[in-house]
Amino acid sequence: MNSALRSLWDEPRPPDPPSRVWRDWALLGVLGAAVVLEGLFRPDMPWRVLSVLVVAVLVPTLLWRRTRPFPMFLASFGTTSVLMLLTGGAAPSAYALAGLLLLPYSLARWGSGREIVLGLGIVLPGTGLAVALGQKGVADAVGGLVVLFATVTLAAAVRYRARARLRELDQAKLLERERLARDLHDTVAHHVSAMAIRAQAGLAMMPSRPEAAADALRLIEAEAARALDEMRAMVRVLRRDEPADLAPNPRIADLEKLMSRARPSVDVTVAGDVDDLPPSIGSAIYRLAQESVTNARRHARHVTRIEVRVTADDTSVRLRVSDDGEPGPVRPASSSGYGLAGMIERAGLLGGTCEAGPNPGRGWTVTAVLPRGGAAA
């Protein structure tokens with residue numbers, strides 16, 4: 001029990017709370033208009049002017065409910081509690097105050113653990129004091145607490161789900177980093193092996209053909225430069241202690257394997273010079289195309305054709321995978337829903353970008369642009 005309370009107390013705030021958007025201002029306008037109309041037309045509204053003024057003052061706290069949940073909750077609860085004590089429990093009683101239930105929700109959703117504990121620790125004694133002073137009935141107090149805890153429970157469930165999704169997203173990114181690290185590891189191992197073979201050949205030919213030994217040294221220098229470039233890229237990614245995949249890394253030339261005469265057909269076109277691309281870039285283009293084609297086959301409705309286009313110039317390599325599937329709900333990027341995150345992660349690690357979205361008419365398009373020389377060190 002103590003460990004659970006300590007864990008709750010040490011719970012940090014969730015990262016990156018949403019910024020204020022037009023819906024927040026719309027909510028502010030709706031609640032403001034509601035309390036004005038209530039003040040004008042509700043015949044049994046006690047302390048009419050005071051209630052309208054209190055709601056008008058408290059409603060703007062909703063604008064900071066995500067970024068400063070505890071101060072806004074404290075300001076709202078403290079203001080209403082003080083006024084209830086001063087007015088004998090008769091004010092404020094505007095129906096528009098129901099909108100302030102977003103404040104305890106936001107406290108449980110975006111506040112830290114200690115802020116949640118302190119907030120609930122203020123509400124419970126305050127409610128008990130109001131009952132003890134006869135300013136609030138037991139039934140009203142219990143009903144209010146039930147609504148409050150239902151709101152907090154809902155916020156906690158949303159918070160837990162968001163945290164679980166964030167962990168799954170991080171796991172997808174980590175998995176893509178591992179795959180890229182394995183590809184880079186195999187490429188570096190190839191360069192080092194070539195260096196060792198060239199060195200052995202140079203040593204063997206040095207007594208009889210010194211010029212051949214010099215050529216071997218130049219080749220070793222070139223292979224070492226390539227290996228260093230790949231190593232600089234590899235240190236940017238993570239890798240767990242798993243057995244290395246001994247299969248050769250795929251290249252852009254292997255994109256033809258994605259072509260199929262069965263429905264949906266896959267058409268592959270490569271334009272530009274792709275022969276001297278770094279292995280990490282060629283492998284990434286293949287992986288991104290493979291993932292995109294797999295997603296189209298799994299999730300596109302009534303798709304008849306998938307087009308894969310690779311265009312290379314002096315500075316970058318561009319991949320475009322599109323299909324003619326029917327428009328519908330946003331497709332998941334893979335069966336787990338995090339394939340797109342992995343694709344974006346791989347492209348970003350190599351200094352490029354990856355985007356996906358629906359076409360204006362019908363279909364879906366994935367576009368990736370990678371620098372020709374790979375990510376900068």
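**Side-chain contacts: charges and rings**

The charged end of R20 sits over the ring of W64, 5.0 Å from its centre. The model is predicted. The salt-bridge count comes to twelve. A search of the whole structure finds one aromatic pair.

**Charge over ring**
- R20 is placed over W64.
- R109 lies over the face of W110, with 3.9 Å to the ring centre.

**Aromatic pair**
- F73 and F77 are stacked, at 6.2 Å centre to centre and 10° between the planes.
- The 10° angle counts as stacked because planes under 30 degrees apart fall in that class.
- Both residues belong to helix α4 (residues 69-87), four residues apart, so about one helical turn separates F73 and F77.
- F73 has a relative accessible area of 6%, so this residue is buried.

**Salt bridges at E11**
- R159 and E11 meet in a salt bridge at 3.6 Å, N to O.
- R159 is in helix α7 (residues 138-205) and E11 in the loop between α1 (2-9) and α2 (22-41), so this pair ties together parts 148 residues apart in sequence.
- R159 and E11 are both buried.
- R163 also bridges to E11, at 2.7 Å, N to O.
- R163 lies in helix α7, so its pair with E11 ties together parts 152 residues apart in sequence.
- R163 is partly exposed, with a relative accessible area of 36%.

**Salt-bridge network**
- D267, R305, E307 and R309 are linked in a network of salt bridges.
- One of the contacts joins E307 and R305 at 3.2 Å, N to O.
- E307 is partly exposed at 24% relative accessible area, and R305 is partly exposed at 36%.

Note on methods: Residues are numbered from 1 along each chain as its sequence is written. This is a predicted model: local features need pLDDT of at least 70, side-chain atom pairs count only at pLDDT 80 or more; totals for chains, interfaces and linings use all residues. Side-chain values use heavy atoms; hydrogens and water are left out. Rings of Phe, Tyr and Trp (its six-membered ring) pair if their centres lie within 6.5 Å; planes under 30 degrees apart count as stacked, over 60 as edge-to-face and the rest as tilted. Helices (H or I, at least four residues) and strands (E, at least two) are DSSP runs, numbered from the N terminus. Buried means under 20% relative accessible area, exposed over 50%, partly exposed in between (1.4 Å probe, protein chains only). A charge sits over a ring if NZ of Lys or CZ of Arg is within 6 Å of the ring centre and within 35 degrees of the ring normal. A salt bridge is a side-chain nitrogen of Lys or Arg within 4 Å of a carboxyl oxygen of Asp or Glu.
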